[in-house]
Amino acid sequence: MIYFDNSATTKVAPSVLETYSKVSQTIWGNPSSLHNFGEQAYNLLEQSRQQIADLLGVKLSEILFTSGGTEGDNWVVKGTAMEKRAFGRHIITSSVEHPAVHNSMEQLAQLGYEITYLPVDEEGRVSAADVKAAIRPDTILVSVMAVNNEVGSIQPLKDIAAVLQDYPTIHFHIDAVQGIGKGISDLIFNDRVDFITFSGHKFHAPRGIGFIYARSGKRIAPLMTGGGQERNLRSGTENLPAIAGMARALRLLLTNEETKVANERAVRGRILNHIKDFPKVTLFSQDNDHFAPHILCFAIEGVRGETIVHAFEDHDIYISTTSACSSKKHLASSTLKAMKVPDQISTSAVRVSLDENNTLAEADTFNQVFDQLYEQFKKINS
Ligand SMILES: Cc1ncc(COP(=O)(O)O)c(C=O)c1O
């Protein structure tokens, strides 16, 4: 099979599974337990945290474990709202955020917070000038994703960071769930960012584990209260096997990152350059440095996205309609809507999303199948 749905989830790496299994069977104590067995677990927890911090060039205390991207996004957005409610109730975000951010904003709007949704251009990118224009004295948070999960556009994070230098009290959050390991660490870990969300299952760690980066001195209220784990900020017994596995997965991801990114870019380019000249194809991802190397979104006019997905599936090739979250609900892509793509075309959109293990040979097979399907669709439509 050819798996081109890595933005939905990735396969757990064998060595990560090995770590998960070993920790589950040998260091399965509770890190909060007083006895030696608990201490072993605690030590491994902090060792994993240190590994992640070292890999990202941040401090140990700035890494906080979560259950994944959704929790990280909810925590930073709502945790900021709770922490800073006395100072202001205005939040700025983009109109192409993942539902984990967008729906958190909607919930806050119902509680009386005011949300400014920034428009995007035809590449799905916001402008730093719009961020600046939207800032008010009561703005408490700017939340903008690193890489859009539907079309792959990279937001101008450095420009936004530059704008926010003049507003040190506003929290700056980046959802980097789709951005880690994609050659843009300098954009994500810019000198102004306060909070960053990560999710393990997008880089070959198990589901249900993730972490946030929280800059020293920047505070968000806890959403999970209880036993006081994670420095009293996120209660719940730690998922140590998954945490240790995730630390290993991150090390694997960031080893030879440049080579992996170049490979993804080449595989994506092979497909993009093949399909771009077909008259009924519309590309939403471009081959330029405004786009991440692993996501390619396109439509075949007149054919529904679901039909395209299942047609490829019949050839053992797995792609998706624009996002895993929207696909089963048959929702039109929110990103494409914000990019002002008419529904008639956006309902024909599909996403190919790669990881570092995909090959040019797989791209060639995809292209051959594409040719066959395109002819079939043309016949049916005529
Ligand atoms: C950009 C982005 N943010 C957040 C999430 C949610 O992450 P998780 O599946 O770990 O909850 C996803 C998942 O697709 C995503 O693509």
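Which residues are the closest to the ligand, and how many surround it? Here are some friendly notes on that and on the helix packing.

1. **Ground rules.** This is a predicted model, in which local features need pLDDT of at least 70 and side-chain atom pairs count only at pLDDT 80 or more, while totals for chains, interfaces and linings use all residues. Residues are numbered from 1 along each chain as its sequence is written, and side-chain values use heavy atoms, with hydrogens and water left out.

2. **Around the ligand.** The ligand is surrounded by 13 residues (a residue is near a molecule if one of its heavy atoms lies within 4 Å of it). The closest are Thr70, Asp175, Gln178, Ser199 and Lys202.

3. A polar side-chain atom of Asp175 sits 2.6 Å from a ligand nitrogen. Ser199 has a side-chain N or O atom 2.6 Å from an oxygen of the ligand, and a polar side-chain atom of Lys202 lies 2.6 Å from a ligand oxygen.

4. **Helix 3 with helix 4.** Helices here are DSSP runs (H or I, at least four residues), numbered from the N terminus. The axes, lines fitted to C-alpha atoms over the stretch in contact, with angles from 0 to 180 degrees between N-to-C directions, come within 8 Å for helix 3 (residues 69-83) and helix 4 (residues 99-110) and cross at roughly 30°. That makes the two helices roughly parallel (angles under 35 degrees; over 145 is roughly antiparallel). Thr70 of helix 3 is among the residues that meet helix 4, where contact means heavy atoms within 4.5 Å; Thr70 is also one of the closest residues to the ligand.

5. **Helix 1 with helix 9.** Helix 1 (residues 14-26) and helix 9 (residues 240-254) have axes that come within 8 Å and cross at roughly 155°. The pair is therefore roughly antiparallel. On the helix 1 side, the contact includes Ser15, Tyr20 and Val23; on the helix 9 side, Leu240, Ala244 and Arg248 are among the partners. By class, this contact has nine nonpolar, four polar and two charged residues (Ala, Val, Leu, Ile, Met, Phe, Trp, Tyr, Cys and Pro count as nonpolar, Asp, Glu, Lys and Arg as charged, and the others, Gly among them, as polar).

6. **Helix 2 with helix 9.** Helix 9 also packs with helix 2 (residues 36-56), at an angle of about 25° and with the axes 9 Å apart. That makes helix 2 roughly parallel to helix 9. The contact divides into 13 nonpolar, two polar and one charged residue.

Key
Parallel < 35°, antiparallel > 145°, perpendicular 65-115°, else oblique. Polar contact = N/O pair within 3.5 Å; in protein donor to acceptor, adjacent residues only side chain to side chain.
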